[in-house]
Amino acid sequence: MSKLEGVADTLYIPLTARIYVSEHFPEYFYDEKALSLKGEMPYAEIAAKSSEYFQMAGACRFYNTDRMIQSFIAKRPVCNIVNVGCGLETAYFRVKPGKDVVFYEMDLSKVIEARRRVLGESENERLIAGDMFDFAWTEEIDKSRPTLVTVIGVFQYFEEERVIGFLRQLKETFPNVEVIFDAMTHQAIKYANDYIKKTGNKDAELHFSADNGQSVATRCGMTLIEERPFFGAARKQLKRKLKLYTRIAMKVVDEGGRRGFLTHLRG
């Protein structure tokens, strides 16, 4: 039986993106651990329903988040990295943290069970099962350390008030906290919902949207450190290796009203 037997379909979409880009553009993004899972999942079936643009959109989030995590660690060598809604994300294996960095992977119980079966639990990595909005999961984390929380591909599934409430409570719970999350405008969310339905997953509608990072920072009482477009590095590095439609779509998302971006806040 495959290790991925019984894994929720929603966990396959970001994994498929990381595999696709690792195979087609390894000079930009390479995820060896994701590639090792290709033969245990319906990769071809999911990839066939996607496009080069959407695969890049998935991988670019992780490309940028990896570098933001590495920058945080460089400034705070003894720290926590907390991945909320971790799914089958493999940043731990890409970042390769030192012994003074603890990675916490947090998600619902069924997801953590699947993750433990598929990826195990590495040195300086801790798996935490729980509801992200019930902050009991934070009791397992050393709050005296500087802590970076990443929430990638998660907030969009919840209403705005719940997202803002989560960020406010995060600030209250961790005295030295920073958080990175991805956001899309209302128009981009509508486009993404059309794509999700096309993949056959009709129960994963997206909700949360934001016009800019400052609007979120103001509402949750945090400080905006950075608002980073998804595709800057990919557009510069890959250029004409990408299909024309992909290049146009990337330019529109980054420059046509900044439809998608990563936000980095400090509590």
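The numbered points below describe a predicted model of one protein chain.

1. Overall size. The chain has 267 residues, and for that number a compact globule would have a radius of gyration near 18 Å. The chain has 17 Å, which agrees with that figure. Taken along the principal axes, the box filled by the C-alpha atoms is roughly 50 × 45 × 35 Å.

2. Make-up and packing. The chain contains 11 helices and 7 strands. Of its 267 residues, 53% are buried. Among contacts with a separation of 6 or more, 72% are between residues 24 or more positions apart. The chain exposes about 12,300 Å², and 50% of this area is supplied by carbon and sulfur atoms.

3. Helix H4. This helix covers residues 52-75, which is 24 residues. From its first C-alpha to its last it reaches 35 Å, close to the 34 Å expected at 1.5 Å a residue.

4. Leu244, Ile248 and Val252 make a nonpolar surface patch of about 260 Å². One of these residues, Ile248, is found in helix H11, which runs over residues 244-255.

5. Salt bridges in general. Side chains of opposite charge can pair when their charged atoms come close. The count for this model comes to 20 salt bridges.

6. Glu89 and Arg18. These two residues form a salt bridge in which the closest N and O atoms are 3.3 Å apart. Glu89 lies in the loop between strand E1 (79-84) and H5, while Arg18 lies in helix H1 (residues 12-24), so the pair ties together parts that are 71 residues apart in sequence. Are the two partners buried or exposed? Both Glu89 and Arg18 are buried. They also belong to a network of salt bridges that links Arg18, Asp31, Asp66, Glu89 and Arg94.

7. Glu23 and Lys38. Here the closest N and O atoms of the salt bridge are 2.8 Å apart. Glu23 lies in helix H1 and Lys38 in the loop between helix H2 (32-35) and helix H3 (43-48), so this pair ties together parts that are 15 residues apart in sequence. Glu23 is partly exposed, with a relative accessible area of 36%. Lys38 counts as partly exposed too, at 29% relative accessibility.

8. Lys99 and Asp100. The side chains of Lys99 and Asp100 meet in a salt bridge, with 3.7 Å from N to O. Lys99 counts as exposed at 65% relative accessibility, whereas Asp100 is partly exposed at 33%.

9. Residues with a positive phi. Most residues other than glycine have a negative phi. Lys96 has a phi near 55°, a positive value in a residue other than glycine. Its place is in the loop between helix H5 (91-95) and strand E2 (101-107), and Lys96 is exposed, with a relative accessible area of 64%. Lys239 also has a positive phi, near 45°. Lys239 is in the loop between helix H10 (232-238) and H11, and at 52% relative accessibility Lys239 counts as exposed.

10. Asn124 lies in the loop between helix H6 (109-119) and strand E3 (125-129). At 16% relative accessibility Asn124 counts as buried, because the buried class is under 20%. Leaving out residues up to four places away in sequence, Asn124 touches Tyr92, Gly98, Lys99, Val101, Val102 and Phe103. One of these, Gly98, is 26 residues from Asn124 in sequence and 8.5 Å from Asn124 in space, C-alpha to C-alpha.

Key: Residues numbered from 1 in each chain as written. Predicted model: local features only at pLDDT ≥ 70, side-chain atom pairs only at ≥ 80, totals over all residues. Heavy atoms only, no water. Helix = DSSP H or I, 4+ residues; strand = E, 2+ residues; numbered from the N terminus. Expected span 1.5 Å × (residues − 1). Patch = residues over 30% accessible without salt bridge, like charges linked within 9 Å, V, L, I, M, F, W, Y side chains within 5 Å. Areas by Shrake-Rupley, 256 points an atom, 1.4 Å probe, with all protein chains shown as cover. Salt bridge = Lys/Arg side-chain N within 4 Å of Asp/Glu carboxyl O. Rg over C-alpha atoms; globule rule 2.2 N^0.38 Å. Buried < 20%, exposed > 50% of the residue type's maximum accessible area, 1.4 Å probe, protein only. Contact = heavy atoms within 4.5 Å.
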